[in-house]
Amino acid sequence: VYECAEEWDAYETDPLNKQHIREMDEALCRAADVVFVPSRELLKRKSPQNPSTYLAPWGVDLELYARARDPATPIPADVRSLPRPIIGMFGMLDGRRLHTELLRHLAVQHPDWSIVLVGRCMPNLDRSSLDPLPNVRFLGMRPVEQIPAYCKAFDVCMIPYMLNEFTRSIMPLKIAEYLATGKPVVSTELPAAVEMSDVIHVARDIPEFEQHLCAALAERPELSARRVARAQDFDWDVLMRQRMAWVAPHLNGMHAAAGRPGPIQGDGCAAGG
């Protein structure tokens, strides 16, 4: 099984490295019995190399992120007294994807908003346009167990990513995690986000992102339940049963070729997954 999480060559700028990674990826796709990819964009790219390529999105710890909806969950001290509304995100803050121009526009146009970014700043991230702004807060890394408490503090969760070769192929796990919190979500026009446009706001450009944030802040509370319901699609138990169902025929075929009885029937190995 080859699980191709992202379009790995898009990380590289050196042409030789880029070509080498592309060749390695293609060789793995062709050699594998089964290929899993998390986004439809990757499914389109990898299926011609291997007909046993399946859309297998990331799963979410729904119980963990449900804490963002629990009245007993305390809001962390470093965001508790920030001016509202709080527009927040968590995750790796990577210069290849974070749209700093968008964030600066939001912070300058709405000085009453708090822009909160939780996560590790990668060395390739240029923060020079954001650091002078008093309403932009880089909080650094936090243990995953604390992330739902930060989400509880957010009025809107955002995915402020640039559109490029790399981001077009990804399925940000935070989409599903945000949905599990029930909070309104605004994203740039990533293909993976467009698929979820029935439950999240998707913006084509900076002005539209700003408009969607304003709309999200005025959302009716009952829309939260729709997002939580959609998050159930990313339950790990459900997703693993499906993955094992895709793998099982290949394992049965291997055992038959070796003259041994196949140990797997349908979803029978889900518990072991």
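I began with helix H9 (residues 206-217), which lies across strand E4 (86-90), E7, E8 and E9 and runs at about 165° to E9. I note here that the model is predicted.

Next I looked up the sheet itself, and found an open sheet of six strands in the order E6-E5-E4-E7-E8-E9, with parallel pairing. Strand E6 (136-140) and strand E9 (201-203) stand at its edges, and because each has a single partner strand, one side of each is left without a neighbour in the sheet. From one strand to the next, I read an average twist of 25°.

I then followed E9 to its partner: strand E8 (residues 185-188) pairs with E9 in the parallel sense over three bridges, and Val 186 stands opposite His 201 in E9. Helix H5 (residues 100-109) also packs on the sheet, where it touches strand E5 (114-118), E6, strand E7 (156-159) and E8, and its direction makes about 145° with that of E5.

I turned last to helix H1 (residues 15-31), whose 17 residues should span 24 Å at 1.5 Å a residue, and I found that its end C-alpha atoms are 24 Å apart, which agrees. The buried residues of H1 are Lys 18, Asp 25 and Cys 29; seen down the helix axis, they fall within an arc of 35°, so they line one face of H1. These buried residues pack against strand E1 (2-3), strand E2 (35-37) and helix H2 (40-46), whereas Leu 16 and Ala 31 are exposed on the other side of H1. At the start of H1, I noted that a side-chain oxygen of Asp 14 comes to within 3.0 Å of the backbone nitrogen of Leu 16.

Notes: Residues are numbered from 1 along each chain as its sequence is written. This is a predicted model: local features need pLDDT of at least 70, side-chain atom pairs count only at pLDDT 80 or more; totals for chains, interfaces and linings use all residues. Side-chain values use heavy atoms; hydrogens and water are left out. Helices (H or I, at least four residues) and strands (E, at least two) are DSSP runs, numbered from the N terminus. The expected span of a helix is 1.5 Å times one less than its number of residues. Buried means under 20% relative accessible area, exposed over 50%, partly exposed in between (1.4 Å probe, protein chains only). The arc is that of the directions from the helix axis to the C-beta atoms. Contact means heavy atoms within 4.5 Å. A polar contact is a pair of N or O atoms within 3.5 Å; within protein, one must be able to donate a hydrogen and the other to accept it, and residues adjacent in sequence count only if both atoms are side-chain atoms. Two strands pair if DSSP finds at least two bridges between them. Axes are lines fitted to C-alpha atoms, for helices over the stretch in contact, and angles run from 0 to 180 degrees between N-to-C directions.
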